[in-house]
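The sequence and the model are shown first.

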Amino acid sequence: MNAIGKLIASVTATAAVCAAALSAGVAAGAETEFDKGRMLYVEKQSGSDFVILQFTDTHVQSAVHGQREVFPVMSKWVEEVNPDMIVVTGDGVNGTADGNDMKALISAMNGYERPWAYVFGNHEKDGGLGIRGNSAILREEAMRDGTYLLYDEGVFTEEGRYGNYVVNVERRGKIVYSLFFFDSGREYETFLPSQTKWYEEGVKALSEMYCGKYSPFEGYVVPSMVFHHIPTDEYQYAANAVLKDNYVYTEEDKTEYTYEKVKVGKVPAAFGSGANWEFSYGQRDARVKNARIHNTAADKALKEYAMYEDERSEAGFVSVVKDLHSTTHLFCGHRHTNDATITFEGLTYTFGTKTGPGNSADGRQSGCTAITIADKTAAVKVEHKYNREG
């Protein structure tokens, strides 16, 4: 890995030993096993917060479009937020046949001279190059000397998923947060069982690496975040639970909701035995829902793989997240006019604010999302920022 910016040049001695052991012990074809030798690193500076800037759904259509319409907006927010790291949560490009949109986005991101990471959405497949072709561009860039890109194709490429990897935010060799990046599929797909298995293995391996063992109720577990593109149903369940008494109808057929900022309070007992919840304003004209189609053959097939008999969870992913007690925040994109942040049952779900104009954007709801990890407490603050007010 390149020793630039705030990247750690190499893994710790412990990680190197573990990676060697894994390489020796993993049989060929065991593609879903978590490999600590493939992890990436960012160094947090002592005495200051660590700030992640989330861009999502920039939908760069060409190099010219990006330079005229999108990159000036991104540059504005990088200058204002001054992040330590940038994450693009999918649909960064619309997928041109020659890849000039992705190459232009890479050039713009590297120009900010700070580590950045990418996960795929549903539109990178468009235009002929496809997910595989765009991943090849990212893979080649990530191997280039002088790049700021953090990217690994991951271990699920045979299932059409590219870019499942971990970036560890460290301070002097100690963990601050582990950032899990997932390709959540196209259109109406979601986490695969193999991804759920890989995540579970990863949390336990990272906890052993940084904490000595995995025992969350004794405090031995790494704190982590998940970044992906398409929201799971749990985003909607959480919002429905906390907002069911705080909506107004905006259409005669009562299908569209507008939510105002609601007070911090207690969830009714039916939704979690008095768990704390909070909803931060961000809605304008969108229902709190994702783009999945329910009760399809694909849904039923995924439920057959569920690790827990929880009908709310696709492939058991969020059930496993809750059981492992590692992940505190999940960040997605995809819903251009939904930029809510909802905390429910111990997890905070954030729809990232769409970045840039066009592609069903509401000018009042475009901008970015700033994620701040406090220096001393590691408390996380999520803030939606807008290109224009009102």
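## Helix α8 and its end

The model is predicted: local features need pLDDT of at least 70, side-chain atom pairs count only at pLDDT 80 or more, and totals for chains, interfaces and linings use all residues. Residues are numbered from 1 along each chain as its sequence is written, and side-chain values use heavy atoms, with hydrogens and water left out.

Helices are DSSP runs of H or I with at least four residues, numbered from the N terminus. Because 6 of the 8 residues of α8 (residues 317-324) are buried, this helix is largely enclosed by the rest of the structure. Those buried are Phe 317, Val 318, Ser 319, Val 320, Val 321 and Leu 324 (under 20% relative accessible area, 1.4 Å probe, protein chains only).

## Nonpolar cores

A nonpolar core is a set of buried Ala, Val, Leu, Ile, Met, Phe, Trp, Tyr and Cys residues joined through side-chain atoms within 4.5 Å. The largest has 56 residues, and Phe 55, Met 85, Leu 179 and Phe 181 have the most contacts inside it. Helix α2 (residues 63-81) gives the most to this core, with 7 residues. A second, separate core of 34 residues includes Phe 156, Leu 206, Val 222 and Ala 238.

Beyond four places in sequence, the residues that Phe 55 touches include Met 74, Trp 77, Val 78 and Cys 368 (heavy atoms within 4.5 Å).

How values were computed: Buried means under 20% relative accessible area, exposed over 50%, partly exposed in between (1.4 Å probe, protein chains only). Helices (H or I, at least four residues) and strands (E, at least two) are DSSP runs, numbered from the N terminus.
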